[in-house]
Amino acid sequence: MAVESCSVQIQKRRVELVENWSKHLNPLLDHLLEMGAVTKEDVGFIKGGGMLGERDCMRTLLDVLQGRGEEPCQAFLFLLSNFSNFTRSTHLSVKEPVSDHLQRHKDILAKQHTPGNYLGSTSGLPKADWFTDITFSKDAGRQVPVHFQHETSVVGDAFRAGRAEARGHGETCSFKDIYQSLLSDSGNGVALLSGVAGSGKTTVIKRLVQEWAVDADLQKIILPLSFRELSLITEPLSLQVLLSDHYSHLKPILPELMTSNQVQLLLILDGLDEFCFPLDFERTPKCSDPERELSVGAMVVNLIKKILLPDIAILLTSRLHAVTKVPQLLVNQFYNVLGFSPGQQRQYFEKSCTSSKTADTVWAFVSSHKPLQLMCHIPAFCWIVSTALHNGNSFLISDTVTPSGESQTTEKVIEDQCQTSSEPNTAINNCHIIGTRPVTITEIYCCFFKTILLFHVGGCVEGLHLNRLHDAPRLLKETKAKLRCLGALAFKGLLERRFVFDSSDLASFSLDCSELLRAFLMEILKEDRSSLTYEKHFQFIHTSIQEFLAALYYVLESLSGSDPFTGLKRNMGLLAPAMHSHLMSIISKLRQPQHLLRRRIKKALHWGERHQSGHLDLFCRFVSGLLVPKTRFILNGLFRDEPRTYLTSCVPLPHASPPFVLQLLHSQLHSPTLSPERQLNVCHCLYEAQDPGLPQRLQAWLKLLSREGMGHCNLTNRDWSELAFLLQLSPDLQSLNLEAQGLDAEGLRRLLPVLPLFSTLRLAQNPLGPEGAEVLSLALQSPDCHIERLWVVATGLGCEGVKVLAEGLKKNHTVFDLRMAINNIGDIGAAALAELLKTNHTLKDIRLRDNLVSDKGAELLKEALMENTTLEFLWLFDNKLSKEGVRQLKEFSKNRPNVDIKCCRSGKKRRILVKNTDNQA
């Protein structure tokens, strides 16, 4: 009867035992094995070879115990009633070692996550200067990115004037807010941190680890992994084995943490965009057992779905284009890295420069060049600018060589540079070279590239910087072959949209891995030394570096008469690669060199035009900039003997790209098939190509925006793209006033990339028509739309245009002021607005003066207001309302005191055009 009593008791409690004790399966088996209630063979059978979940294993354990009889069942019940005492006595002697394990874990992670500046460690800096604050946003839902522009083009939008007020309180947050949220005891959901390349996502992780390592009060245990490492694992393995191998110092306590103390764990998965395996959240089998072997993709899916280790907290980081890999409903909190605000940019330069005077001078230079400051919202670009302009004791704003050979202080060189004219003017007198400050993005990257080569590859003895600069042409010439191979690798990766390379990729371009550890390539390529499988993988330190090197390779090959695509093919044939390249170069020179160059540059620009994703935009800008002889002179030694010709003849270097390049770029602006985003990028290319007419044209637009030129501007369509370029570089402008400027639908289409950035759009008295309404509808539906006031008085919308505009407003939640008088919308347009008001709860003010709306249309609007409780103003002056219709509207307004309805009977004379649209009904 005793045996039956224990067996029956277990059988009755079976559901409760499986539900509540499955998570303690491992310690239960350990104790039962020590007590002799089960054998090692039983334990192996119960665990099912790692193929069963915890609950299935628990059910098997109960079956085994009941099959073994009285004593095992009695021992099991006794163990359950005294489980806490068993656990306490078992772990009493190892309590101190557990804390030792955790402290060692903190020390190891802190050492592994020491921030570096890519060129070396920051160990020489005070710990307070390791990190510069970054601005974040906290979003209720995922922000769907716009895929038609290069991600660097939109990074500064969050810092435009008035944007913080428009976003609302509580949406912008600091690192401290994220830190407290992730490491609090209540934080056990999934958080997603997104941002563009180089925005500081990985640096945020490093700072998180550093501050956690010195915070003794926190109970959370951080376990960081990178998706780049996980992508190298091709064989199935269990989560417990993965973490035990990666954190071998935690191996003795990991099983307990993963079973009984999951709430203490914060798992960080960095770089979702670099994960090579698909994430199938629909068909991936469920698995709750951390000891069961899974593919890496299945493991990640079960972790994010909170099936595997459901009580742990997870932080994912990703570039914007990859955030859609994870279903929105599975993420509890979305954070976005906005980058450096202008104040944070200045703070970064103060920390990276050797003196406050130097930092002030560098900041004054950057802030006076809007394209540079726009890019400096990206922290990685701040580092590139700092390295290019000032890094250590090397300063490459100019290659200044004093006749006496005496070295100049860094501060003196900067001061002299800031006293020079901002115009691109280079004076060359024999061996004495006085350069100009780099003002284009391409020039900045050329200076950065030269700084890396001269002062960070092989080191540089202090006090010999000018000698190093003097030897720059020779050093560049000596490394030209290796740089060409590196550029070919970058170009091939750009073609294939690849950013991570293995040893076989390097070998195909004659790049030896061992050389990367000692020579110039080590500074450019970043090896993944913490790879779980110890395979060597490499990536460029920033995607823009890869894009620059790809453009450098393309221009080098094109100028030398070679086909850039030929250099991408694997070494084949009887001829050696160098001989084959030399032979192809001779054959090209026998043809017409200028014609070949023109054709290849045209191919590059049109190639970027065809890729509407925008990922080639920066490549095209670099190609345009590298065709400027003055810019190429920074890298004198790489490009044949072209600059030497100007040195010997004392003729200044040309400041713009060859005429055919400018002609190609201007012809692209005329292309009817070019998207607005690509047209905007063409303007960036014109800036990099230093088009001599661009400053004057932009100055004319500045006068118009400041309302100095109040007359009508008769401009061609391409000028509207140049206006979009200017507006993108004007973060202080909140209101766009283009009233009565002859702006048609095509011109408005060219402004589409920047229209959502403004809080007020004043487009009155322009021939927009229904086609213009379609453009405005697209802008209103943009996920980053900040338009609050839309004034389209007398723009020829008609009933069709209003119908299109109303569809866009149905998906918009920002516009509250809509002024569209004198558009002849009629009752059909009024009906479209009535349908809009039934669902839109953002609009507060609609002014429809002189729009041919009759009693029928007014009745439809009145019915819509029965459902809409948010509209405050509805003005219907000078419409086709009868006396009865006006009376009914006035009666209706008496019952709705919160709505100000203004109307009157249509008179004999109607005004067709208004001079001042600021307060038009």
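## Packing of helix 2 against helix 5

In this predicted model, helix 2 (residues 14-21) and helix 5 (residues 54-68) have axes that come within 9 Å and cross at roughly 135°. Helix 2 is therefore oblique to helix 5. The crossing in which helix 2 passes helix 5 is right-handed.

On the helix 2 side, the contact is formed by Arg-14, Leu-17, Val-18, Glu-19 and Trp-21. These residues meet Arg-55, Met-58, Arg-59, Leu-62, Asp-63 and Gln-66 of helix 5. Classified by residue type, the contact between helix 2 and helix 5 comprises five nonpolar, one polar and five charged residues.

## Overall organisation of the chain

The protein chain contains 43 helices and 19 strands. Of its 921 residues, 55% are buried. Where contacts link residues at least 6 apart in the sequence of the protein chain, 78% of them join residues at least 24 apart.

## Confidence of the prediction

For the protein chain, the mean pLDDT is 77, with 75% of the residues at 70 or more. Confidence is highest in strand 15 (residues 789-791), at a mean of 96, and lowest in strand 8 (residues 427-429), at a mean of 23.

Two stretches with pLDDT below 50 are noted here, residues 522-533 and residues 908-921. Beyond near neighbours in sequence, residues 522-533 have 42 contacts in the model. For residues 908-921, the corresponding number is 38 contacts beyond near neighbours in sequence.

Methods: Residues numbered from 1 in each chain as written. Predicted model: local features only at pLDDT ≥ 70, side-chain atom pairs only at ≥ 80, totals over all residues. Heavy atoms only, no water. Axes fitted to C-alpha atoms, helices over the stretch in contact; angles between N-to-C directions. Helix = DSSP H or I, 4+ residues; strand = E, 2+ residues; numbered from the N terminus. Parallel < 35°, antiparallel > 145°, perpendicular 65-115°, else oblique. Left-handed = near helix turned anticlockwise from the far one by under 90°. Contact = heavy atoms within 4.5 Å. Nonpolar A, V, L, I, M, F, W, Y, C, P; charged D, E, K, R; others polar. pLDDT = per-residue confidence, 0-100. Buried < 20%, exposed > 50% of the residue type's maximum accessible area, 1.4 Å probe, protein only.
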